[in-house]
Amino acid sequence: MTGFIGGFVEGFVEVLVFGLQDGAIIAFVGLGIALVFKATRIINFGQGELGTVPAFAALLMMSSFDLDRTVSDSTFVLIVATLLAVALGAGLGVLMNVIVVRRLASASPVTSLVATAGVMLLLVAIQVIAFEPRGRSFPRFIDGKFGIPGFDVEMAWHTVVIIAVLAASAAALALFFRTPPGVALLATAQDPFAAELQGVPVARMRTLAWGAAGALGALGGVLGAGVFENLSPGLMTSTFLIPAFTGVVLGGITSMVGAVVGGLAIGFITNGANKLVAVFELDVPGPPFAATFVVLLLVLLFRPRGLFGQEA
Amino acid sequence: MAILETDDVSIRFGGVQALTDVSFAVEKAEIVGILGPNGAGKTTFFNCINGFYSPSAGRVHLHGEDVTDLKPEERAKRGLGRTFQQVGLVRSFTVIENLIVAQHKSVKYGLVAGLVGAPWVLEEEAELRRRALEVLDFMDLTEHKHSPVQGLPYGVLKMVEVAAVLATDPEILMLDEPLAGTGPEEGQAFCNRLKDMRRELGLTIVMIEHHVPLVLGTSDYVYVLNFGSLLAEGEPDEIRGNADVAEAYMGEGATTLD
Amino acid sequence: MTTTDQPTETHEQVEPPVAFEADEADWRPSREGVIARLVALGALVVVIVAIPHLVDDVYVNLVSRVAVYGIVALSMNVLVGYAGQVSLGHAAFFGVGAFGSAYGLAEMDVPWPAAVVLAAITGAVGAIVLGAVALRLQGLYLALVTISYGLFAERTMFNIRSLTGGGAGQEAPRPSFFESDVQYAYLCLGFLALALLFDWRLVSSRSGRSIQALRDDERVAASWGVNVTGYKLLAFIISGVLAGIAGALFASINQVAVAPDFGFSLSLTFLVMTVVGGIGNRWGVVLGGALFAVLPTLLDRAHENFHFFPFSIIEATWEPAIGALLLLLTLISFPGGLAQQLGPVLGWLQFRKFAVDHGDAGPATAGGGMGARP
């Protein structure tokens, strides 16, 4: 396609492709955040590190516990490492709940946010000490790209993988919430006292939610590192956490669908902002951060419950 | 001229009509009681008078001035004081500190003078302290002056709250269930004190309460709310024998409140 | 109930007059106690005043840093402790002040004191933006906005070349009378002292009380005639001014202001140091600020000089981990922070009884009067 319209459409598709790639990871992180919030009314600032830490664990496994060795090429090894990482992520989530969150059951939501931020800081600091503040090569499930028919734009196969896993995870969660344990989990979030009276083991439900969030986080971490083909300490938090939060707010903090849609939207918006600034040669540094800030303000000031959320 | 009156105040929350056309008038130095079963909208009505809610229809007049569009702070400055169902105090301060904060609107020194610590500021601070002690003495609360609010028994807190509102130097005192949790003797003592306040301080008092006999025994005039609208109004004796009111409180078949 | 045969007393006692003047706390230290306290306070003051001369040249700038962090801690304390707001992007106010001062010095060529005033103004403006948002949002949503604002400041605002020199940063020279490291350290300490004095005046006057009343119960404050909007914004303005001035002082320590210095990790450090110090207590937060200002250096020196575990492993790179651990410890087990732990000593120095706090009450009286957690 040529000409001005052609260029515009071309740019649009480019934004779509990259937006999808980023947005899908953001959606993963957002899904974890929304899950924890839906089940426990707590904002988990450590959701990103529930991804980076298992990703490092996966890396260790794939390089036979010697990070200076080259990482195995095999997709099979990656899959096994990912499964183990997911288990580790689930464990980490449960640990976070037991050690930190439960102790602060009576505190204000902001205190819990600060506490989970503290856990995030600790995890990142430990990674820096253990793995040095540098990046290491990280494999993808499927390498290579393919061209989008009709446009001069390529999409990575990895992006397709992310979308597929995201869709599967979202579907699994949706199904889960229709099963008795899932309903019990929702009840615990809505009204813990009433749920307890009904015989729902509230503490166990919360543990379940945190474990699930950890598992989701681990998946997001492995896939996220794959996007950059590089893993460094604090990667998930520094790159995806705030966009994920913005996406969750945009979608509606009580809605899992909202977290996914919002996350994808933020992916498009941030990439779009970059493109706009580049194309029109605007003197706006850090376009994604400016765009995110504006979106957050607009949503919170004009439609605080987000696109899919209910009134608080 | 009524010192406080409302004209057909109505308010809607989502699908619920909480108040419908509630009109009332209070004369200076009157004690007015507001009765009604739980959920009748009494506190909602107070919130509309106060400024915490904005009515969907109707006006509120204070000293003849239409204050319906004024913020609560503005109405407080015009002499309106109120207590809350959940005790309305600054929880992290002590009793005397609360009474000093409550005198907010009588403070004359400005922002910068206060921050710099000008000599007249220190004088005024001493005066605020002195006044706080005076009010505490009036309410027999001097022994608690340095006690943190957190940790005091509920009954004492309710009295501290009244003391704080008195410290704001109000002309109208709106009390939201001041006798909650008190027994009949304490209740009667408090009502006697209300009459003292009316006599000594020239206060006008509007009181929401559930202790029906006490309200009927203390008030000059009574309004009864039910399901958000005015069920009846009149002098205590009229209300006592009002069959509708009795039914609202005690169910079908009741004819008097006694 | 006694079972004596004596008749009950008649009520003939005369009520003692209420002593309006002597209403201060009834306890007074003994003569020895007063002298002991005065000596301790005197020694403290002497040491603090002498510090810039006592330490090695290498560490003098660290003293300035301690003072700057102390002022930031006071700034955070006003917003988070007194006003009960959230601030997870405080480095934005700090940076706005730093760049404001640098711009004044480098681009507008104003004398240093004017640059500080400029920093105070820009700090206030930067804070008012958030203040306006805080009027509509609370809690979690406000927290997110402050974080996003911090990132926006770090990545966008502070990289606008015309205002901040872009990547290379902006120069921020020192004032002519305080050019040497030691002189500058005294200047910073002087500002810290002024900030502490200001904080004391704030809580002793109507504005400070009103701000704190808002934190506890807005409705009650409004019913007492407190202008809710006005005082909320005032809290943000005061916080912004303090942070802005601190930023100006900070910029002139190394005589340059660069964007990456004012990022999200600094905001977190500010938050952590305030919480660990003890929110609501001015001495606690200043101590927290001092601790985190020297922590990396402290760890490095300990690592060099003590060859036993744990110092054999722990060095400056461990600072974030230690900070995070301190934060978690404070939130979970010691909500009053350093202020609570040092409570008895701090109280003693302020001429109160030496009383060990048995748990529940937060650092309510030691310097501000409020509840413990953020």
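Reader: How many residues does the contact take from chain C and from chain A?
Author: In this predicted model, chain C gives 35 residues and chain A gives 37 residues.

Reader: Which helices of chain C supply residues to the side that touches chain A?
Author: Helix H5 (139–155), helix H11 (264–277) and helix H13 (319–332) of chain C do, with at least two residues each. H5(C) has the largest share, 12 residues.

Reader: And how do the residues on that side of chain C divide: nonpolar, polar, charged?
Author: The side of chain C that touches chain A has 26 nonpolar, 6 polar and 3 charged residues.

Reader: Zooming out, which chains have the most contacts between them?
Author: Chains A and C, among the 2 pairs of chains that touch.

Reader: OK, what about chain A and chain B, how far apart are their closest C-alpha atoms?
Author: They lie 12 Å apart, and no contact joins chain A and chain B.

Reader: Back to H5(C). At what angle do the axes of H9(A) and H5(C) cross?
Author: Roughly 135 degrees, and the axes come within 11 Å. Helix H9 of chain A covers residues 235–251. H9(A) and H5(C) are therefore oblique to each other.

Reader: Is that crossing left-handed or right-handed?
Author: The crossing of H9(A) and H5(C) is left-handed.

Reader: Which residues make the contact there?
Author: From H9(A), A:Ile242, A:Phe245, A:Thr246 and A:Val249. From H5(C), C:Leu144, C:Ile147, C:Ser148 and C:Leu151.

Reader: How many of those are nonpolar, polar or charged?
Author: The contact of H9(A) with H5(C) has 6 nonpolar and 2 polar residues, and no charged ones.

Methods. Residues are numbered from 1 along each chain as its sequence is written. Chains are lettered from A and ligands numbered from 1 in the order in which they are written. This is a predicted model: local features need pLDDT of at least 70, side-chain atom pairs count only at pLDDT 80 or more; totals for chains, interfaces and linings use all residues. Two residues are in contact if their C-beta atoms, placed from the backbone, lie within 7 Å. Helices (H or I, at least four residues) and strands (E, at least two) are DSSP runs, numbered from the N terminus. Ala, Val, Leu, Ile, Met, Phe, Trp, Tyr, Cys and Pro count as nonpolar, Asp, Glu, Lys and Arg as charged, and the others, Gly among them, as polar. Axes are lines fitted to C-alpha atoms, for helices over the stretch in contact, and angles run from 0 to 180 degrees between N-to-C directions. Angles under 35 degrees count as roughly parallel, over 145 as roughly antiparallel, 65 to 115 as roughly perpendicular and the rest as oblique. A crossing is left-handed if the near helix is turned anticlockwise from the far one by less than a right angle, and right-handed if clockwise.
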